[in-house]
Each structure stands twice: as C-alpha cells, then as structure tokens.
Amino acid sequence: MSVGFPDFRLGSVLATSFTGTLSERHGEAVERIPTPHRLVDWLQINGLNVESCTAAQLERARELREAIHAVAAAAAVGSDLPKSTVRIINDCSIEGRAAAILMPDGNRLWRLSSPSRVEDALGVIAADAISIIAGERDGRLALCASPTCQAAFFDTSQSRTRRWCDMNTCGNRQKKARLKAAQSRSVETSSQWTCAMIKAHRGTR
C-alpha cells in the first residue's frame, strides 16, 4: 500500500469491493482512491493490471462506483433502480474490451486491450455489478447495519444474515459502541442505586 493514503477494504466480490473505495458515506467519508495512482493500485490488486490512469479516467471510475452503489442499495431494499445510474453501468460495460483468459492452473486472468485502458477494467467491474444485481449469483444484496456506513454488500453466507459490510471494521466498531453504551448504563444504574441507598440511610437517622 502507498504510504500516506487510507488502506483499501478488499472483499471477495469485485463490484461491491469497488464501491468500498469510498467508505463511511453517512459519516466522515473516507476516499480511498483520491489520486489516479491509487486507482491503478486498486485495479492491480484486483487482477486488472493497468500501467497508468488519467484524471478523466479516475473521474469516470468514481462515477461508475457511485452508480453501482446507488443501484445496489436500491436493489437491496427492493426499490426501483435509478435509470440514470443504470445507464452509467451499462455504458461502462459496453465500453470495456477486456478478455477473460483461462490459465493452466485453472485460474482466470483479465487481459486488457492495452496497459492504459482503464475503461477495460471498468467494464469488468460493471459486468460484475450487472451479474449481481440481475440475480445471477448465489447470494443477496444487503446494506451494512452501521448508521455511518450503510454500504451495499453481497451476502454469500449460508444463513444470508450478515449485518456488516466488514466485520473487522464496521462490525467491531458497532460492537465496541454497544459495549461502551452498556458500561455507561451500568455505571449510571450503580450510581443511582448508591444515591438511593444514601438517601434511605439518611432517612433512618
């Protein structure tokens, strides 16, 4: 990871992992691809190897990211999909010219038409989003239960009852918040009980 930038939140689902490059949308938002180079880093980590990225390509990537987030969030709660954002996803999918390559070890790699074709990489992400939103994958879209996050994520757990986009971040933070609140209530109750006992004792004197 590049020094001085927020770490990436990497997930197993490409499209929703990409939307996670902007986190805490309903709190103090954290932009994890603030520069073209950081987008290059994220794409390379996810097997979409580009050598460079322009400011315009970064802007297009963020536009796709927010379109996927909006559509996935709508699908998660059963709302109508926003037409304007659906169009952005479709356009990015059409613009991409990446090819899936099967390796001898059975793994898949993506081959872009050129090392500078960020649009090819975005096309792969858009196609991944389409497959999830269209219900072609085994799982369900859900929204993170953290009030400051509410990120859309793809739940592939056996019970389909995941509450957090990431247990190590949102999940742990909410657990700590609940524990702190419980401790505060316990201290308050104890203080009230002590005051009541003191008053009762004074009343018997």
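**Figure 1. The whole chain and its surface.** The chain exposes about 11,900 Å², and carbon and sulfur atoms supply 53% of that area. Keep in mind as you look around that this is a predicted model. Buried residues make up 35% of the 205 residues in the chain. You can find six helices and six strands here, and reading along the sequence gives the pattern α-β-β-α-α-α-β-β-α-β-β-α. Take the contacts between residues at least 6 apart in sequence: 54% of them join residues at least 24 apart.

**Figure 2. The largest nonpolar core.** This core has 35 residues. Which of them touch the most other members? They are Phe 18, Leu 39, Trp 42, Leu 43, Leu 64, Ile 68 and Ile 125. Two or more residues come from each of α1, α2, α3, α4 (83-95), α5 and β6. Helix α5 gives the largest share of this core, eight residues. Apart from this core lies another one, of five residues, and Cys 149, Ala 151, Trp 164 and Cys 170 are among them. Here is a general idea to carry along: in soluble globular proteins, nonpolar side chains tend to be buried together.

Figure 3. Leu 64 is one of the residues that touch the most other members of the largest nonpolar core. Leaving out residues up to four places away in sequence, Leu 64 touches Phe 18, Ile 88, Ile 89, Cys 92, Leu 122, Ile 125 and Ala 126. Now move to Arg 65, which lies in helix α3. Why does Arg 65 count as buried? The reason is that its relative accessibility is 3%, and buried means under 20%. With the residues up to four places away again left out, Arg 65 touches Phe 18, Thr 19, Thr 21, Leu 22, Arg 25, Glu 31 and Ile 33.

**Figure 4. Helix α2 and what covers it.** Helix α2 spans residues 36-45. Its buried residues include Leu 39, Trp 42 and Leu 43, which you met in the largest nonpolar core. Arg 38, Val 40 and Asp 41 are buried in this helix too. After α2 comes Gly 47, with a positive phi near 75°.

**Figure 5. The largest pocket.** About 350 Å³ of space lies in this pocket. Its lining has 21 residues, and those closest to the centre are Gly 11, Thr 16, Ser 17, Phe 153 and Cys 165. Helix α1 and the strands β1 (22-23) and β6 (152-155) each supply at least two residues of the lining. Sorted by class, the lining divides into nine nonpolar, nine polar and three charged residues.

**Figure 6. The second largest pocket.** This pocket has a volume of about 190 Å³. Look for its lining residues: Leu 14, Asn 46, Arg 108, Trp 110, Val 124, Ala 127 and Asp 128. Which element gives the largest share of the lining? Helix α5 does, with three residues. Strand β4 (108-111) also supplies at least two. By class, the lining has four nonpolar, one polar and two charged residues.

Notes. Residues numbered from 1 in each chain as written. Predicted model: local features only at pLDDT ≥ 70, side-chain atom pairs only at ≥ 80, totals over all residues. Heavy atoms only, no water. Buried < 20%, exposed > 50% of the residue type's maximum accessible area, 1.4 Å probe, protein only. Helix = DSSP H or I, 4+ residues; strand = E, 2+ residues; numbered from the N terminus. 1 Å grid on protein atoms, 1.4 Å probe; cavity = no way out; pocket = protein on both sides within 12 Å on 5 of 7 lines; lining within 4 Å. Points joined across faces, edges and corners; volume = space filled by probe spheres on them. Nonpolar A, V, L, I, M, F, W, Y, C, P; charged D, E, K, R; others polar. Core = buried A, V, L, I, M, F, W, Y, C linked by side-chain atoms within 4.5 Å. Contact = heavy atoms within 4.5 Å. Areas by Shrake-Rupley, 256 points an atom, 1.4 Å probe, with all protein chains shown as cover.
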